[in-house]
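Thanks for coming. I have one model to go through this morning, so let me put it up.

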Amino acid sequence: MKKREFLRNTCIVGAGLAFSPLLAFHKQDQKGHENFLGADLDMPFTLPALGYETKALEPAIDALTMQIHHDKHHAAYVEKLNISLNGKAYRGSLDLETICLLVLEEDAAIRNNAGGHYNHSMLWKWMKPGGAKVPTSNLAQAINDAFTNYDEFRMQFIEAALSRFGSGWAWLSVDSDKKLFISSTPNQDNPLMKNLVKKTGTPILGIDLWEHAYYLHYQNKRSDYFNAFMNIINWDEVKLLYVNALKN
């Protein structure tokens, strides 16, 4: 192993230990999220199930798009992530969130595929057939505090998506001051990647801006896709992530 790579891997392992509360949280929570994190931290990551039929989100997202998106695109990120982790000193000891937290710009394969796996694993949870149309309780209040009201949040969130040139994601996240903010990132980056993005935080909602997420049904009408997405958000999951972000 080259000296530079050895030092980098050693630093990552050391940094991973500094995140031991985060690791402990995920180990305790694995019964509910084992597919997301990988059935065992000592084993390769695995593709999570959708949790609903591919046609369940129609007419907002068609069955064929969901099938290709999940079974082909997401599966490819998982496969390539496992390959890119081969030979890494920290393979099997860090969960997916921690890998995103620590990834470096030079680790392009890990950056792209860990991001792709994390982002899509969360995306399936962020969508729900027949879910609530608007957030409730403390999350609704936090959105009002940050954006005046839900309609203003919706407008800003869609604008963040529309203004992202090319592929990427738009996010609603919680920052270190426990405040909500909207951002967008290119490719498969996300707000967890503190070494790579300007504004960091804990994502509680994201929308996939890649063409494979919508093109079969919406073609170039991205705004129609974004508006349809807003009607299938699983606000119960978003609220749960918000509450967890406040605790950490």
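Let me start with one side chain: is Gln188 buried or exposed? Before the answer, the conditions. This is a predicted model, in which local features need pLDDT of at least 70 and side-chain atom pairs count only at pLDDT 80 or more, while totals for chains, interfaces and linings use all residues. Residues are numbered from 1 along each chain as its sequence is written, and side-chain values use heavy atoms, with hydrogens and water left out.

Gln188 is buried, at a relative accessible area of 2%. Buried here means under 20% relative accessible area, exposed means over 50%, and partly exposed is in between, with a 1.4 Å probe and protein chains only. Gln188 sits in the loop between E2 and E3. Leaving aside residues up to four places away in sequence, Gln188 touches Tyr77, Asn112, Gly115, Gly116, Asn119, His120, Trp169, Met193 and Trp210; a contact is a pair of heavy atoms within 4.5 Å. With Trp169, the side chain of Gln188 also makes a polar contact of 2.9 Å. A polar contact is a pair of N or O atoms within 3.5 Å; within protein, one must be able to donate a hydrogen and the other to accept it, and residues adjacent in sequence count only if both atoms are side-chain atoms.

Now the chain as a whole. The secondary structure comes to 11 helices and 3 strands. These are DSSP runs numbered from the N terminus, helices being H or I with at least four residues and strands being E with at least two. Of the 248 residues, 49% count as buried.

Next, helix H4, residues 63-85. Its 23 residues should span 33 Å at 1.5 Å a residue, and its end C-alpha atoms are 32 Å apart, which agrees; the expected span is 1.5 Å times one less than the number of residues. H4 bends by about 30° at His69, the bend being the angle between axes fitted to the seven residues ending there and the seven starting there. The buried residues of H4 include His69, His70, His74 and Tyr77. Among the elements that cover the buried residues of H4 are helix H5 (96-102), helix H6 (108-126) and strand E3 (202-208). At the start of H4, a side-chain oxygen of Asp62 comes to within 3.4 Å of the backbone nitrogen of Leu64. After H4 comes Gly87, with a positive phi near 85°.

H6 has 19 residues and reaches 26 Å from first C-alpha to last, close to the expected 27 Å. H6 is mostly covered, with 15 of its 19 residues buried.

On to the strands. E1 (residues 168-174) and E2 (residues 180-186) pair in the antiparallel sense over 7 bridges; pairing requires that DSSP finds at least two bridges between two strands. Gly168 stands opposite Pro186 in E2. The hairpin has 5 residues between the strands.

Last, some backbone geometry to check. Which residues joined by a cis peptide bond have omega of about 5°? They are Glu58 and Pro59, and Pro59 is in the loop between helix H3 (30-37) and H4. Lys178, in the loop between E1 and E2, has a positive phi of about 65° although it is not a glycine. Lys178 is partly exposed, at 31% relative accessibility. Gln219, also not a glycine, has a positive phi of about 50°. Gln219 lies between H9 and helix H10 (222-229) and is partly exposed, at 36%.
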